[in-house]
Amino acid sequence: MASRISTTMDAAAFVAPAGGGEPGTVGDIHASDPVITVRGGNVHYGETHALKNVSLDIGRNEVVALIGPSGCGKSTFIRCLNRMNDTIEGARVTGEFRLDGQDIYAPEMDVVMLRTRVGMVFQKPNPFAKSIYENVAYGPRIHGLARSRSELDDIVYGSLRRAGLLDEVKDRLDRPGTGLSGGQQQRLCIARAIAVNPEVILMDEPCSALDPIATARIEDLIDELSQNYAIAIVTHSMQQAARVSRRVAYFHLGMLVEVGATDKIFTNPSHRLTEDYVTGRFG
Amino acid sequence: MQFSTLLLILCGLVVASFVLARRRAIATAGGYKGIRSLHSLPAYYGYFAAMWAAGPALLLLLLWSAASDPIIMGRVVEVLPEPYRSIQGPELDLVLNDVRVLAAGRGSGTEQQQALQGTAAHYQSLQAASRSLLATLAIFLALAGGLYAYRRINPRLQARNHVERVIRAVLVGASTIAVFTTLGILLSVVFEAARFFSRVPFHEFLFGMEWSPQTAIRADQVGSSGAFGAVPLFTGTLLISGVAMLVAVPIGLMIAIYLCEYAAPRVRALVKPVLEILAGIPTVVYGYFAAITMAPLLRELGQALGLQVASESALGVGLVMGVMIIPFVSSLSDDVINAVPQSLRDGSLALGATASETIKRVVLPAALPGIVGGVLLAISRAIGETMIVVMAAGLSARMTANPLEAVTTVTVQIVTLLVGDQEFDSSKTLAAFALGLVLFLVTLLLNVVALVVVRRYREQYE
């Protein structure tokens, strides 16, 4: 109980860092070759201040894990990066969000184009009520990425292969995607996301609805995908964060408390809150 | 004793049973502190006793009121004065009716009533005896029932289970009333229709091309051949329903899409009640809107375009009926579109699909079975709709696919056949029941298919 009280007090002190100026994130928020750069990002849902002055880079070919207790703003953060918060009534986003230097929230930024470049995988697998093939072909079709049926076939098969699903489903591509197992559905959703060839893939707790074996497969897949994509993954599992990510960002009450290399965060965190969380004292 | 007094006394007994039984339950448990040793809460023991007090007595009242009058009348017939002794059948009913009138003190002093004075007095005394016997028996039953339950109270008595069983029986009874009413309606139509089909062959009715239900009264009458081929009615119904669905389905669907996917909450909060108002307008009002506003409008429009439009055209009726059905389609579609999980929309939007692509390619396909179910329900509504077509559609059975001509429908013909003085033994009147049977079966079929389709769709996402 005493530790919980002190935690809250720390967080309160954290809202207004001594000396004003820079937000008090501990660690290096920069990446060497950033795809995504966020500076002073804020999100309000109506009266709620869900994301408070967050700055973070996500580098090319890098997996960044976002961890923290429920309601700490990590999902809110990644939903800013492909503007999925636009679909939420009363959400207001301020601050600087850039993809390859372009302002994500600029009026001339087309949200449709943005989302083809920043793909997303959701917490619960959400295949469309279509065949497996059509699920993957959906994105390429609406964006006109394939000029012929054979090109489309190539994209679909390639995406399924990269998602590690092709061997399991190649005999039943015309069967509904909803008939697959949970883990297969989630890999189908990943295949669907990479079929439009994004630069960044956002994953919002992609394994929380899956069993350990399916989770292990997805984690292997994330590892492979990181050779071609920048990946931001929200997770509640610290083991998962440790296994798949190169860097870890710890969120607390809408603030980004600490960023650092994965092994440093888990073995030698600098901030008290981070230490409390990764050692399991709360969360 | 007055009937209302008896009811009041019974109510008092029931309440008393409740109070006493509840008190006894608490007492057997050794006061409020021992309540946990009772199987059920004390009030359940009260309800248990109250049910025993009320149930048998009410059952007796019900049976008595159904059976006592015929028995009493049987006794009255035996003491009728001489001239009336030998009367039978409907005439006897008239005489007995006079006895009743006299007994109620509303006699008008006709000769027959004078002669029946004595009988009426006898009838009155029998009634009084019956009433006091009933009162005695009912009060005795209530007392006995309450006492029986009271004696049975002990901590191990599963009063709650007894009470819940009775409540469940009452609920089951309520639902069977609906089922049996439907069955009764169906049977009454079936029997009359069977009488019709014994006069007019089945195939002639279903496949005959000519509808002219005037039957001859005299053998030498002209122009009343009596043809009962219902096909022109079916085609007329289909034509008008078709026009209605052409209006209702696209507009209703578009309203649903707009409300679910685009409308701001404030617009939604405004439009939905307005649609419900549209659904609440009595069909009579739609009827004269069709007859007085729509029909002349279409005729003038037709004249301007050089078209011949009948003043009772299927087009006008169908258009108005379509407007009537719009809220039906839109609210059913609204439900199924809302039932499509938000995660599917998110998934599509996150792939860079626009809102309209998401609706066309993800939401509508997922909602399609439900929408089809809703449309089927709407069709059955259109086919069975009566008031609009009675007021604004034609009477002559014409087989045509041209919506500018006047056609008639099954429901219009049923109304025309049954309105006014009718003999219930002519083919003309009985034809209405055959038409009703067809209508019933078709809408039943449509409803069943629609429900199956909707249910299958629901299972997909749960």
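Author: In this predicted model, a patch is made of residues with over 30% relative accessible area and no salt bridge, with nonpolar side chains joined within 5 Å.

Reader: What makes the nonpolar surface patch, and which residues are in it?

Author: Val284(B), Tyr288(B), Ile292(B), Met387(B), Val390(B) and Met391(B) make a patch of about 480 Å². Helix 10 (283-304) and helix 14 (387-392) of chain B each supply at least two of its residues.

Reader: Why is Val284(B) called partly exposed?

Author: Val284(B) has a relative accessible area of 36%. Buried means under 20% and exposed over 50%, with partly exposed in between, so Val284(B) is partly exposed. Val284(B) lies in helix 10 of chain B.

Reader: What makes Arg60(A) and Asp33(A) a salt bridge?

Author: The closest N and O atoms of Arg60(A) and Asp33(A) are 3.3 Å apart. The cut-off is a side-chain nitrogen of Lys or Arg within 4 Å of a carboxyl oxygen of Asp or Glu, and therefore the pair counts as a salt bridge. Arg60(A) lies in the loop between strand 2 (48-59) and strand 3 (63-67) of chain A and Asp33(A) in the loop between helix 1 (2-15) and strand 1 (34-45), so the pair ties together parts that are 27 residues apart in sequence.

Reader: How do you know that Glu168(A) and Arg217(A) meet in a salt bridge, and where do they lie?

Author: Their N to O distance is 2.9 Å; the limit is 4 Å, so the pair qualifies. Glu168(A) lies in helix 6 (residues 166-169) and Arg217(A) in helix 8 (residues 212-225) of chain A. Glu168(A), at 30% relative accessibility, counts as partly exposed, and Arg217(A), at 37%, does too.

Key:
Residues numbered from 1 in each chain as written. Chains lettered and ligands numbered in written order. Predicted model: local features only at pLDDT ≥ 70, side-chain atom pairs only at ≥ 80, totals over all residues. Heavy atoms only, no water. Patch = residues over 30% accessible without salt bridge, like charges linked within 9 Å, V, L, I, M, F, W, Y side chains within 5 Å. Areas by Shrake-Rupley, 256 points an atom, 1.4 Å probe, with all protein chains shown as cover. Helix = DSSP H or I, 4+ residues; strand = E, 2+ residues; numbered from the N terminus. Buried < 20%, exposed > 50% of the residue type's maximum accessible area, 1.4 Å probe, protein only.
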